[in-house]
Amino acid sequence: MVDIVLYTSALRTLARPGRLIWSVLLALAAPLLAILVKHASSASHHPVLDPYEHSLHLYNAFSSLMIFGFVLVILSVLSSTGIILQEVEQKTIVYLLTRPVARWRILLARYFASITLTTAVAWGSTVLLALGTLGIGGFTQAPVGRDMGVLLLGAFAYTSLFLLLCSMVNRALIPLVAGLLYGFLWETLIPQLPGNFRAISLMSYIHVLAPHHVNKANTDTSGSLLGFGGTSGSGFHITTALSWGVLCSVAAGCLVLAILVFSSREYVGRAEGG
Amino acid sequence: MKKTPPPVLNAQTSPIADLSYRGYNGPLKLHAVRWWVVALYTIRRARRSVGFWVLTGVCALSYLFHALGFYFQHNLSSLSPSMHQVFAQTLFSVMNGSLNEYAVMGIALLLGAGSIAADNRANALMVYLARPITRTDYLAGKWSGLFLILYSVIAIPSILYCLTAMTAFSDMHILQQDHWVFVHILLAALFPAVVLTSLILGISAWSKSAFSAGALFASIYILSNTIAGILGMVLFRKQPDKANLLSHCSLSGLMDAFAQRVFHFNMKQPMLGRGPFAFTDTPPVLLRYSLIPALVIVVLCLLAAHQRIRAVEIVKG
Amino acid sequence: MIELQRVSRWYGQVIALNDVSFSLQGGITALLGPNGAGKSSLLKLVTGQIRPTTGQVQVLGKQPFANQWVYARMGYCPELETTYDDLTGREFVNLMARLAGIRGAECTRRVAEVIEKVGMNQAADRKMGGYSKGMRQRIKVAQAIVHQPQVLILDEPFNGLDPVARRDMAQLLLELAGAGCGILISSHILYEVEHLTHNILLLHKGRLLAQGDIYTIRALIDKHPHSIVLETDKPRTAAQKLIEMESVLSVALNRQRPFEIKLETHSPERFYADLPDLVLQQGLQIQSLYSPDNNLEAVFNYLVQG
Amino acid sequence: MTVVSISSLTVRYGARIALDGIDLEIPEGCIGLLGPNGAGKTTLIKTLLGFVRPASGICSVLGKNCVNESLAIRQHIGLMPELDCHIPGINAVTFVAYAGELAGMPASYAMGRAHEVLEYCGLGEARYRNVETYSTGMLQRIKLAQALVHGPELVFLDEPTNGLDPVGRDEMLALIRDISRGKGVNVIVSSHLLPDVEKVCDRIIVMQGGHVATEGTVEDLQKADSGLMDVELRETNAAFAHCLAQKGVQVLHTEGSRLQVSFPADTVAGKMLFEAAKESGVQIRGFKSARRSLEEVFLNTVERNGKA
């Protein structure tokens with residue numbers, strides 16, 4: 001009962017009218033653009049895409065770069081930072097912390113609310129993208145179900161990671177910038193480095209679970225888009241099982257740490273009033 | 001201005017001076033330079049921020065990274081005309097490469113997101129605007145302060161890089177190749193600094209908190225990059241011209257386009273589905289494609305910010 | 001109800017509370033002290049938002065830090081000015097009630113009841129972002145009492161209220177105390193607290209300076225001369241009579257105000273007891289009598305300076 | 001000379017009328033502005049500073065029009081806002097000097113002046129500390145210092161004693177009294193804390209619902225019926241009131257150990273009180289002829305207007 005109240009109130013904070021608009025726009029961005037590209041290319045004299053092959057190509061490109069590469073990451077960063085630290089910064093967290101509710105339940109409720117938002121937007125975007133590029137048949141041709149599953153797993157992993165970051169500081173801008181740099185600089189630069197550097201990027205594990213091969217001919221050599229999923233033949237190969245293991249343990253480990261930190265830290269600053 | 005203190009007005013007849021409150025009758029500066037006070041203050045604040053120095057460190061890292069890269073490339077390949085292309089490319093990367101680009105975005109976010117939103121929230125706007133300064137002075141000060149910081153963060157590593165290359169590889173005759181290389185750097189650095197400063201201030205003025213301003217700014221910045229990147233990559237095989245144009249339809253794309261125009265070289269874009277080291281050459285796009293959108297963004301943001309800067313208290317009573 | 005044993009608390013190198021021990025029973029207790037004395041820190045300790053660096057805090061026999069059992073029996077009204085701006089007052093109180101485990105129709109009824117009690121009926125369905133300081137203060141009190149706590153902690157509840165609202169708030173607190181709720185309020189508006197309670201805790205620079213009844217404390221500080229101002233039509237005659245009293249230390253006349261006598265006494269208790277006899281037997285005419293030291297502020301000043 | 005003159009000033013926020021056709025002349029000196037929340041005090045100050053455009057009417061400050069000469073006006077006035085302005089990460093001297101520089105003072109002069117004003121406001125060595133470590137009292141002093149740094153001729157103080165402890169309040173009031181007497185600074189104080197206004201101001205203006213409800217000198221407003229006395233006892237005692245009533249003294253109201261009583265004409269108040277005290281065995285701790293506190297004036301005005 002109390003958990004539901006906590007969860008819904010957190011969700012309500014996240015999905016305030018002002019923010020909801022941005023979330024919906026974010027969900028619509030990928031499918032709308034994909035449809036636009038599809039129509040533009042079919043209308044032009046030099047069709048860019050072959051009807052079937054390239055519709056799937058479109059789905060893969062947008063799913064990989066937009067939904068996995070952008071929507072998932074940015075929403076995880078923003079919602080996990082926003083849901084804890086904005087309240088800490090505005091000090092309204094006091095009201096929650098002095099209620100007869102255990103702190104881990106507060107954090108967990110907010111964690112799930114944050115994941116709900118991220119997943120809802122990413123799923124909505126995926127479904128619309130499949131419909132927009134491939135029509136109803138898209139659900140059989142494109143790996144929609146698999147993508148949705150991996151998105152959920154990814155949301156768990158990223159949200160846990162950023163939640164841990166947030167539970168350790170009292171100011172919102174620092175984890176925001178750190179999260180953005182991690183999500184967009186680290187996660188794109190690291191997999192491109194030679195050798196086994198990609199092992200320290202969450203995104204490479206996600207791409208192993210949900211590979212989006214654009215060209216079936218070169219799956220073996222170039223892996224998926226932009227080289228995610230392994231180019232170096234030497235040394236270490238990321239298997240599906242390993243990916244599952246890494247993502248799940250990051251999600252669980254970071255969450256447990258975040259709960260431990262949140263339950264024992266003081267979230268009020270120095271008294272100014274006297 | 002003469003710096004002699006003015007005589008005490010109501011000189012006391014008593015031998016004991018009145019050390020309690022007195023009015024101020026010293027000199028006053030012209031009203032026209034008061035925006036500079038705000039700018040100086042913004043810069044002073046930034047110098048104390050740890051986050052700012054960390055991100056500046058990332059910028060420095062990008063400089064080292066590219067300098068090393070160029071050193072190896074230079075030593076491996078014999079001197080050829082294409083080396084100057086490579087130099088231009090790396091110079092461009094020092095300025096606009098993703099490492100630097102994200103660090104600069106981070107600085108803009110860290111310093112700019114709260115600059116107006118937090119003043120407003122902390123009730124400081126009321127105090128500042130109760131002074132004899134106008135809203136325009138205030139905005140101009142905030143703008144130029146942030147602009148100068150971003151401008152130096154972008155321009156200084158590039159200039160250092162250029163100087164390093166000139167001293168290390170005197171055989172390249174960089175100055176002979178491009179007499180105006182320093183002017184070009186200064187010019188190219190102008191563009192991202194102006195656009196980012198205006199955008200973040202516009203957003204900050206309309207946000208309730210530094211966090212929401214930062215979130216919105218980052219979303220716009222990264223989303224536009226992602227979209228433009230995908231569009232460019234999806235289209236490049238059949239219609240390279242259109243693809244090239246589309247790939248510049250983002251904030252960082254605009255900056256790339258301008259810098260490319262200034263340095264005049266073909267940029268290497270990653271190719272979709274061709275593995276990590278597959279790149280295609282893209283020629284610079286016309287100047288107006290970068291200047292006009294940027295101008296629109298800057299003007300809109302500044303107008304929006306100006307509209308929003310008001311001396312109102314948050315708690316109504 | 002609330003017990004502190006040798007509690008100290010630092011923030012980095014700054015000390016907020018230093019070796020504070022006290023024990024409170026029911027009723028209203030006022031926590032007084034100058035700005036920066038550590039009042040807010042003390043309330044944060046009692047409400048379990050922060051932990052003591054050394055020593056022990058107990059509320060209703062348990063340690064309060066992140067302790068749900070305590071929170072179920074405690075209401076807290078923070079000094080905070082920020083609220084959930086896009087909830088209405090009623091939604092906010094409702095949320096807080098639900099988090100305290102109150103459900104369904106009972107919850108709606110309780111919420112309506114406390115909103116009525118704090119006099120927020122009209123504004124309860126407006127967004128809190130548009131509330132004035134006084135409204136915020138009242139809705140904060142409403143959320144603190146919605147789960148009928150045994151202990152109520154209020155941090156500066158009178159701050160920012162206009163006189164009308166202050167009077168209502170004092171009335172409400174007295175009612176709650178009458179119903180058996182133990183209340184601890186911090187304040188510096190002394191003349192308001194004076195109406196509420198005689199039971200005070202005095203903090204100064206992080207240390208507990210005094211505890212107990214105002215008058216008990218006054219008795220303690222009787223070693224300080226206590227000044228009293230009399231207005232009479234024959235000041236010199238009166239002065240002679242007054243200086244003969246054993247409890248009077250000094251008598252002074254005032255050039256600016258020729259009818260006033262200012263006297264100092266080391267034992268106000270005896271002076272006040274003896275005064276009626278003197279007046280009635282000697283036929284002194286006294287137009288007015290007051291002591292600038294006969295209020296909390298004076299107690300406070302004495303203790304702080306002494 | 002009048003400091004502020006206002007004629008038929010109306011200010012609207014959208015459809016809401018914040019100030020409704022006010023006529024006001026504010027003379028030199030220290031003036032108290034009273035009124036409940038939402039009465040229009042803050043709006044009035046904002047209008048005088050030129051932040052809000054009036055819908056109609058004329059207002060001028062120090063002989064300059066508020067609408068088109070607001071920059072010149074702001075050069076000569078200081079504002080101490082109600083809410084705290086926490087600007088984290090800087091110390092008081094920097095903040096006050098910055099405020100001075102914004103008013104056009106050259107940096108070196110501003111720094112010297114900031115030290116001088118902070119010293120005057122009683123912030124000794126604490127002025128080198130970061131603002132976020134300050135107590136409320138120190139923050140109030142900084143707010144006053146930044147309002148005075150450029151040597152204004154008129155300062156607006158919005159709730160200057162809010163959140164101060166008694167010592168701090170007395171010191172703040174002493175400062176206000178000091179600058180408003182013989183230092184060439186006019187002061188407008190807006191406050192809820194009526195005893196404070198009573199202590200420092202020569203005149204008060206009571207506002208309500210966008211109107212000026214009452215205006216006059218403090219003494220005029222306080223004039224109370226003769227024969228009215230406030231009596232303070234050591235502790236609550238019902239017998240005392242009873243004794244007084246038997247002597248024909250009317251007990252108007254009782255609040256704990258405080259009573260307000262009305263004596264019939266030509267009686268000796270002191271004697272009767274002590275007699276009653278002796279009979280009922282209670283100690284009188286004080287009595288004096290009731291000056292109505294401004295709080296009462298204010299409550300009466302508000303209630304009267306509320307009914308009308």
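Because the model is predicted, local features are given only where pLDDT is at least 70 and side-chain atom pairs count only at pLDDT 80 or more, while totals for chains, interfaces and linings use all residues. Residues are numbered from 1 along each chain as its sequence is written, and chains are lettered from A and ligands numbered from 1 in the order in which they are written.

**Exercise 1. Into which domains are chain C and chain D divided, and how far apart do the C-alpha centres of domain 1 and domain 2 of chain C lie?**

Step 1. Domain bounds come from an automatic or database domain assignment. For chain C this assignment gives domain 1 (2-219) and domain 2 (224-305), and their C-alpha centres lie 39 Å apart.

Step 2. In chain D, domain 1 is made of 2-76 + 153-222, whereas domain 2 covers 88-145 and domain 3 covers 228-290. Between domain 2 of chain D and domain 3 of chain D, the distance of the C-alpha centres is 51 Å.

**Exercise 2. In what order do the three strands of the open antiparallel sheet of chain C stand, and which strands are at the edges?**

Step 1. Strands (E, at least two residues) and helices (H or I, at least four residues) are DSSP runs numbered from the N terminus, and two strands pair if DSSP finds at least two bridges between them.

Step 2. The order in this open sheet of chain C is 2-1-4, with antiparallel pairing. Strand 2 (14-24) and strand 4 (54-59) of chain C are the edge strands, because each has a single partner strand and so has one side without a neighbour in the sheet. On average, neighbouring strands here are turned by 25° against each other, direction ignored.

Step 3. Strand 1 (residues 2-11) of chain C is joined to strand 2 of chain C by seven bridges in the antiparallel sense, and C:I2 stands opposite C:L24 in strand 2.

**Exercise 3. How are helix 3 and helix 5 of chain C packed, and which residues meet?**

Step 1. Axes are lines fitted to C-alpha atoms, for helices over the stretch in contact, and angles run from 0 to 180 degrees between N-to-C directions. Helix 3 (residues 89-99) and helix 5 (residues 133-145) of chain C pack at about 25°, with their axes 8 Å apart.

Step 2. This angle makes helix 3 of chain C roughly parallel to helix 5 of chain C, since angles under 35 degrees count as roughly parallel, over 145 as roughly antiparallel, 65 to 115 as roughly perpendicular and the rest as oblique.

Step 3. The crossing of these two helices of chain C is right-handed, a crossing being right-handed if the near helix is turned clockwise from the far one by less than a right angle, and left-handed if anticlockwise.

Step 4. C:G89, C:F92, C:V93 and C:M96 of helix 3 meet C:I139, C:A142 and C:Q143 of helix 5. This contact has five nonpolar, two polar and no charged residues, where Ala, Val, Leu, Ile, Met, Phe, Trp, Tyr, Cys and Pro count as nonpolar, Asp, Glu, Lys and Arg as charged, and the others, Gly among them, as polar.

Technical notes
Two residues are in contact if their C-beta atoms, placed from the backbone, lie within 7 Å.
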